[in-house]
Amino acid sequence: MRILACLTAVLLGAALTLPNPPKAAAGDDPNWQTCVGLTTASGDRVAACTTVIDGKTETGKRLAGAYCNRGHGLTEKRELDAALADLNEAIKLDPAYACAYTNRGRVYAFKRDLDHAIADYDEAIRIDPAFALAYNNRGDAWLNKGDLDRALADLSLAIKFNPQLATAYGNRGFVYYRKRDAAHAIADFTMEIRLEPNVLAYINRGNVYRDTEQLDRAAADYGEAARIAPTDARGWRNRGMIRLYQGDNKGGLADYDKALQYDPNDVYSWNNRGQAKLRLGDKKGAAADFRKALELQPDLQSAKGHWRGSARPGDTLPATIAAAASHTRWTGLADGCSSIRFDVRHTPLMRPDGRLVRSGGAGRRTYASCRRRFVMSDNRFFNTHRPWEDWVGMLLGVLIMVSPWFPMQVSGAVDIERSHLVLNSFMVGMLVLGIAQLEYVALHRWEEVASILLGLWLMASPLVFGYAEDHWLQFWHILLGALVAFIGALQLWQDWNLSEQELAKHPQ
């Protein structure tokens, strides 16, 4: 997520809380104008504000503004201790200066001191309850503390008080993404793009499309990122990832050529381009790319395995790479299958450990390809609740209802003394069938919990109703009950983190 700085150009910009702040007038000293200018580069801002401060020509609120703006410039240069000292001085000169509190909170956030950051944002909001930038930044702090609900509330307030604040939409979109609410995330990223088109917004929306398997839309967004910033490797390598995933090896190769032109140190781009070359029959070029990937990261498993498959007889790896690789277990895939690591480094919705973030990280997602068709290697087939599971549940319900008449029972017919057995089987089967039908048309988690309980009840029925001596019927009820409980538990696991909106989309 992005945390915003406040500048004193109105005194310091639109975020200042003073009712009639002094502005940079035409007759002002050029150093003052540079110090408070909204578009001034951080180095120039620091130099100009230093001249204003050292010249001792300003006092009161204007001097506080000079310290605040120099603190902002130093923050951008990541000279955080010096920035903190300047912002402390600005607050000392003007204790009611909401902008300075917000900028100091931003410094604390960069120093990972989130409690002090939130305290400063609280004070800025106390001074100016409609201060959108402070709400945006406090929302970021709550997110980094893991409190998504508070983050969402603050970002929504930032948008309420400033509906044109594009960054707040982008940040709220990320929180929605973390809450697995893809529809609202896409809506917010779309609004950010409408207000302020930028590379990060297109990549973020592309990531949501990618993870909801809308691959054509993801590729379009990554392509737009590459169009508006052709020297930024992120758009190229992310679109290359999608093209490889869709089997467009030539298109993927072209995109990774561009990505490596602008970021030649990205290990996963070398690995993925090697994959594309290997599929296009260029074993020599593939081996060179895998070798380069291993030079950058000697323990990269997929590159090592593919280098072995594409290298010519007699080719060897440098000793340092071979030594690092010798400590790694390599897992191969049969029938010409191979894994491809899709780079999402700089794809702001992924962390190295698989969690989502706004920016940075070195995360990656692994896919596998077999005979030119790409299949997700993280068992995504079982990660998503699919309609066939509901149909299996319906079938199990029918089988349970007729189970008393299965072949190989103790007696060929069920007598009146066992009518309770028939009734139990019929009722459990009807409930399993009905719940599976409900899951298909209106999915709720209680239905999955009910399926688990029904499965366990059916497994216990031979003991409860005393027909354990009928070994075949006991076998069928334990087997069918275990299958019902397993399907219910699988579905509950699949749907555990889905939002209500996502549950409502099943079985779409």
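Visitor: How do the residues of the lining of the largest cavity divide into nonpolar, polar and charged?
Guide: This is a predicted model, and in it the lining of the largest cavity has 5 nonpolar, 4 polar and 3 charged residues.

Visitor: Which residues are they?
Guide: The lining consists of Glu-389, Asp-390, Gly-393, Leu-396, Val-432, Ala-436, Glu-439, Ser-451, Val-484, Ile-487, Gly-488 and Gln-491.

Visitor: Which elements give two or more residues to that lining?
Guide: Those are α20 (387-402), α21 (419-441) and α23 (471-495).

Visitor: And what volume does the largest cavity have?
Guide: About 80 Å³. The search of the whole structure finds 2 cavities of 30 Å³ or more.

Visitor: How does anyone find empty space in a model?
Guide: A probe the size of a water molecule is rolled over the atoms, and this shows where empty space is left.

Visitor: Back to Ser-451. Where is its place?
Guide: Ser-451 sits in helix α22, which covers residues 445-464.

Visitor: Is Ser-451 buried or exposed?
Guide: Ser-451 counts as buried because its relative accessibility is 8%, and the cut-off for buried is under 20%.

Visitor: What is Ser-451 in contact with, leaving aside neighbours within four places in sequence?
Guide: Its contacts are Ile-435, Glu-439, Val-484, Ala-485 and Gly-488. Glu-439, Val-484 and Gly-488 also belong to the lining of the largest cavity.

Visitor: New topic: nonpolar cores. How many residues has the largest one?
Guide: It has 83 residues, and those with the most contacts inside it are Cys-68, Val-175, Val-208 and Ile-242. Another core, of 11 residues, lies apart from it; Val-432, Ile-435, Leu-458 and Leu-480 are among its members.

Visitor: Now helix α7. How many residues has it, and what does it reach from first C-alpha to last?
Guide: Helix α7 runs over residues 132-144, which is 13 residues, and reaches 19 Å. That is close to the 18 Å expected at 1.5 Å a residue.

Visitor: How many residues of α7 are buried?
Guide: 12 of the 13 are buried, so α7 is largely enclosed by the rest of the structure. The buried ones include Leu-133, Tyr-135, Arg-138, Asp-140 and Trp-142.

Visitor: What do the buried residues of α7 pack against?
Guide: They pack against α5 (98-110), α6 (114-127), α8 (148-161) and α9.

Visitor: What follows α7?
Guide: Gly-146 follows α7, and its phi is positive, near 90°.

Visitor: Which residue other than glycine has a positive phi?
Guide: Arg-180 is one of them, with phi near 65°. Arg-180 lies in the loop between α9 (166-178) and α10 (182-195). Glu-213 is another residue other than glycine with a positive phi, near 65°, and Glu-213 is in the loop between α11 (199-211) and α12 (215-228).

Visitor: What is the relative accessible area of Arg-180?
Guide: It is 36%, so Arg-180 is partly exposed. Glu-213 is partly exposed too, at 44%.

Visitor: Last topic, the whole chain. How many helices and strands are there?
Guide: The chain has 24 helices and 3 strands. Of its 508 residues, 53% are buried.

Visitor: And what share of the contacts with a separation of 6 or more comes from residues 24 or more positions apart?
Guide: Such residues account for 59% of those contacts.

Note on methods: Residues numbered from 1 in each chain as written. Predicted model: local features only at pLDDT ≥ 70, side-chain atom pairs only at ≥ 80, totals over all residues. Heavy atoms only, no water. Helix = DSSP H or I, 4+ residues; strand = E, 2+ residues; numbered from the N terminus. Buried < 20%, exposed > 50% of the residue type's maximum accessible area, 1.4 Å probe, protein only. 1 Å grid on protein atoms, 1.4 Å probe; cavity = no way out; pocket = protein on both sides within 12 Å on 5 of 7 lines; lining within 4 Å. Points joined across faces, edges and corners; volume = space filled by probe spheres on them. Nonpolar A, V, L, I, M, F, W, Y, C, P; charged D, E, K, R; others polar. Contact = heavy atoms within 4.5 Å. Expected span 1.5 Å × (residues − 1). Core = buried A, V, L, I, M, F, W, Y, C linked by side-chain atoms within 4.5 Å.
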